[in-house]
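I opened the model to look up strand pairing, helix packing and a few single residues. The entries follow in the order I made them.

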Amino acid sequence: MSNAIMSVNESQLGALVNPSDEQANILLNPMAVVDAYHQKFRLKDYVLADVLAAFYALKHAKEEIKLQLLEKVNRSEAHKRRRIHTKKEIVERFYKQFLNEVAHADSHSFSYLLAMDGNFEAVYMEALDEKVASMTDESIAAHLASQNQEIAARVKAMENPETLSELRMKKSAVGLNEEEQVRLDELEAHLTRERDAAPTVQRSEVNVSGFSLEETKHTKTHETIFVVRLKERLDRDTYNTIQAQMRSIGGGWSKFTQGFNFKADPSERLKAIFGNETDAVEESAAADVEPSNKAAEKLRTVADNMQKSIDDKRRDRPTHTHRMASMAASAAKEADELERIQRIMRNLADAMERGDAIHLDGVTARTHIETLDGFLRSRVYEQMQKNKEQTLDRNGSAIRRDPTLEDINGMTYPKPEMASDTLELFIKEMTGNALKGTSRLLARVQKEIAAQRGRQRASGWFLVDATPIFDELSTLISKAKTVPFAGRINDLLTPYKRLQTMGIKAPEQFRSALREYLNYRAGTGLSEEEKKKRSLAQRESETTRMKIPGYFPTPKETVDIMMANVAIEAGDKVLEPSAGKGNIAEALIAHEGADVDVIEINSTLRGILEDKGFNIVAYDFLAYQVGGYDAIVMNPPFENGQDIEHVQHAYELLKPGGRLVAIMSEGPFYRSDKPAMTFREWLDGKGGVSEKLPEGSFKSAERPTGVATRIVVVDK
């Protein structure tokens, strides 16, 4: 047996029922033995005897097995097609696979040292001999049990992933659904937070009897600072050790305060160094306030301070010129946006105080809110374009829907990227300025650009990921704010810097923070109805500055006079021709039950009437021939005597007993030309009356004019 199974040890002889007969049977059909083990290996259902038989066949019938493998390859349709390996190489790969299956019969690992003389196969087989010789039924059974546990765990992960490891496993195997991805992001974000929060400082071995902690104000900046003062004098070596520890947690020695100054409360970090001896710390009452409450208080203070700016932008502004109106509209939009941001900040402050702000507890400034909002707006636009959603309305204004959880899924962490040529021009300017302390920083930036160029194989400009050189660029910009391109680079770095300041440092944290942000953002903007109302008002305002022939919106005072001269009852059919943006029509529909029609030839004004819900029956009033109206109330165009023609045509559309109320220019009532004289005769013949309107009636209109006007009333 020792000659037949080579280095297989004596304890394994019993694995074969009759060694000599077994060896003979193996060599009768070695390929069948290897195939049988291959199938059992895949099913995780084999014993030591199966391994020994397969190994014996592979060693002592190597050439016969390879010959049979070649025959299989020749018969295989898959290998008859185009391939990248020769048939001999394919056979060698199969043979090596069978050997590896033997090597991994009782463990996942199999290692050996490579031969210096390059005799790889001999070294491999010698190591495999030793590995097989060490196998037992017990070691194989333990390995199979472990594999079955792994398979069960994998099945569990595929069917119902719950833990972080299960979610990671499923993601790498088949991907996650949206709900699972959200859960994974949450778990990864929590892990990152815990890792970031873990103390990184070394416990001090120095014996210090105690220190005091005082919260005070910086005398120059008036910012809150925390001063740590030692209670005893220390020797130089001890002081140096303490100073190094204080620096490691963000403190710096101040001769003015005679202590170590910190920008944030260092209580917990001090305990990480000196332990939990509470009697060693004398904290002020303010230091007992929870950090989340302080952050909430700061956020709410910032929100309150925004009110002054909001009120200023909401104040009445002149709109007589196009520029003035644009400025007023812009100020109103800015006020809406500031008010929305203010509501979000207050919502988040409330959540911080409740302890609900998990991923946004680092938000302390309005700019942080604006940055998160900017990421969401960009994502929404990107998704709308991808899904071919409408991004512009018929007036060319942007359409942006509210962001959803689906938009956030798949978002990646925003790297600070910038064009290589911009960076290179900045470096050139900085080099020319020869500012002190910048040469090494510039060299590191140049080295990183060169490295990324090589990795991207870029010949021209390319996008540089500035993450590895973020600190260097930030320092350079702080030293040379007026250098060309410094402002542009700073703008590109700012969103990344703000995320880091908020403690959002990983993709999972980023997505989790945005999902949480949606909760505080919801309901803070204008309702869809209010948005439409504001948009309509803006469009109405713009029409008053457009060059629309004959368009002079009727002032409210004049509309009131017209309404006083017409009696409208429920069921009356009423018309406003040349309706403009509907000033008169809006007064007409105030009469409950009135059936109001409008006509307008200008497409822009007609669009406004449509959005207001008016029933537009025609474009060109003079071509409109449908009559039977109980009342027609109108302010026709005056140019070239058009008001005469419009009034007379309107009269023809009245039903018997109907009333016409119209605004007309003064011209038809004093001119001596034939149309004017004929009109006066016509008006007298119909029993109509006219009365001058107060002087300057249209000077207070949205589109002011000094033309003299009259109100005309005619019954049919």
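I began with Glu691 and looked for its bridge partner, which is Ile711 in S14. I note here that the model is a predicted one. The two strands behind that pair are S13 and S14 (residues 709–715), which run antiparallel and are joined by four bridges.

I then looked up the sheet to which they belong. S13 and S14 are part of an open sheet of seven strands with mixed pairing, in the order S10-S9-S8-S11-S12-S14-S13. Which strands stand at the edges? They are S10 (615–618) and S13 (689–692); each has a single partner strand, so one side of each has no neighbour in the sheet. From one strand to the next, I read an average twist of 20°.

Helix H27 (residues 642–652) does, and it touches S11 (629–634), S12 (654–665) and S14. The direction of H27 makes about 165° with that of S12.

I kept one general point beside this entry: side chains in a regular strand alternate between the two faces of the sheet.

Next I followed the pairing of S2. S2 (residues 224–230) pairs with S1 (residues 211–217) in the antiparallel sense, over seven bridges. In this pair I located Glu215, which stands opposite Phe226 of S2.

S2 is also joined to S4 by three bridges, and these two strands run antiparallel. Here I found Val227 opposite Asn261 of S4.

**Positive phi**

I noted Gln258, with phi near 55°, a positive value in a residue that is not glycine. Gln258 is in the loop between S3 (252–254) and S4 (259–262).

Phe485 sits in the loop between H20 (470–479) and H21 (486–501). With 33% relative accessibility, Phe485 counts as partly exposed.

**Helix H18 against H21**

From Phe485 I went on to H21, the helix at one end of that loop. The axes of H18 (residues 420–433) and H21 come within 10 Å and cross at roughly 130°. H18 and H21 are therefore oblique to each other. I recorded the crossing of H18 and H21 as left-handed.

Which residues make the contact? On H18 they are Thr422, Leu423 and Phe426, and on H21 they are Ala486, Arg488 and Ile489. Sorted by class, the contact of H18 with H21 has four nonpolar residues, one polar and one charged.

**Helix H2 against H6**

The crossing of H2 and H6 is left-handed.

H2 contributes Met31, Val34, Asp35, Tyr37, His38 and Phe41 to the contact. H6 contributes Gln97, Phe98, Glu101 and Val102. I sorted the residues of the contact of H2 with H6 into six nonpolar, two polar and two charged.

I ended with two residues inside helices. Gln383 belongs to H16 (residues 366–386). Why is Gln383 counted as buried? Its relative accessibility is 11%, and buried means under 20%. Leaving out residues up to four places away in sequence, I found Gln383 touching Glu389, Arg401 and Asp407.

Arg539 lies in H23 (residues 528–543). Its relative accessibility is 12%, so Arg539 counts as buried. I also looked up its C-alpha separation from Lys581, which is 9.7 Å. Arg539 and Lys581 are 42 residues apart along the chain.

Key. Residues numbered from 1 in each chain as written. Predicted model: local features only at pLDDT ≥ 70, side-chain atom pairs only at ≥ 80, totals over all residues. Heavy atoms only, no water. Left-handed = near helix turned anticlockwise from the far one by under 90°. Contact = heavy atoms within 4.5 Å. Nonpolar A, V, L, I, M, F, W, Y, C, P; charged D, E, K, R; others polar. Buried < 20%, exposed > 50% of the residue type's maximum accessible area, 1.4 Å probe, protein only. Axes fitted to C-alpha atoms, helices over the stretch in contact; angles between N-to-C directions. Parallel < 35°, antiparallel > 145°, perpendicular 65-115°, else oblique. Pairing = 2+ DSSP bridges.
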